[in-house]
Amino acid sequence: REIASGSQDGTIRRWNPNTGRQIAPPIETGHGYVNAVQYSPRGDKFASCGFDDVIRVWSKDGKLLIEIKGHKSWVNSLCWSKDGAYIFSGSGDMTIRKWQSIDGKELVVLRGHTSYVTSICLSPDERHLVSASEDYSVRIWDLKTNQQVGDPLLHDDELLATAIPSDGRYIASAGLDKKIYVWSFEAALKQSGNQVRVRAYIAVVNIISNWPCMMATRSPTAR
């Protein structure tokens, strides 16, 4: 079991979660700041992104396997398909892109956000992708048609994160308005944005307490 973290120092570091100790030398990524690290579903490699607009895929021992280029600005968020065949990315160029993980071929570009895309995630059935942006909105994308579904789900300030639980019933989103909203996924797909009721919200005192460590992720093989 292990955890990988990415930092403003440009490195990825792998940790033993029980001892808190590093289990391998740091990986110098070349990203500048590292914005995201995501293990592949098998846990045998991971993808990273940051301020240099390039996605890099690494073996667990730190060998660079592939560089994926195409974004026009920094890349903020990544996710893998369950079979590991595809990587999705969200960027400061306001797009979401789908890539073949084996060779970095660009397959799809999703456009609609009007500011930086900060967070993306796949629905459990992988039929939809959900994105959050600094344009104050959460958007849902149909990955069969590659079109937006329904109206944007709106916050009162820039968004930083979105997530979907394993049952796929809800979308959670959080941002600089210091609230976490929980939306009905089914209602968001079927109804316009002004009809989707917020099921709940949690007031948050401070969204970000410390910038230097940008994110951390757990290996999918961890128990």
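Mentor: Searching the whole structure turns up one cavity of 30 Å³ or more. By cavity I mean a set of points, on a 1 Å grid over the protein atoms alone, where a 1.4 Å probe fits but cannot get out. Keep in mind that this is a predicted model: local features need pLDDT of at least 70, side-chain atom pairs count only at pLDDT 80 or more, and totals for chains, interfaces and linings use all residues. Residues are numbered from 1 along each chain as its sequence is written, and side-chain values use heavy atoms, with hydrogens and water left out.

The largest cavity has a volume of about 40 Å³, volume being the space filled by probe spheres set on the grid points, which are joined across faces, edges and corners. Its lining, meaning residues with an atom within 4 Å of a point, is made up of F88, I96, R97, K98, V108, V109, L110, L143 and N146. The elements that give two or more residues to that lining are β10 (95-100) and β11 (106-111); strands here are DSSP runs of E, at least two residues, numbered from the N terminus.

So what sort of residues face the space, by class? Six are nonpolar, one is polar and two are charged. For that tally, Ala, Val, Leu, Ile, Met, Phe, Trp, Tyr, Cys and Pro count as nonpolar, Asp, Glu, Lys and Arg as charged, and the others, Gly among them, as polar.

Technical notes
1 Å grid on protein atoms, 1.4 Å probe; cavity = no way out; pocket = protein on both sides within 12 Å on 5 of 7 lines; lining within 4 Å. Helix = DSSP H or I, 4+ residues; strand = E, 2+ residues; numbered from the N terminus.
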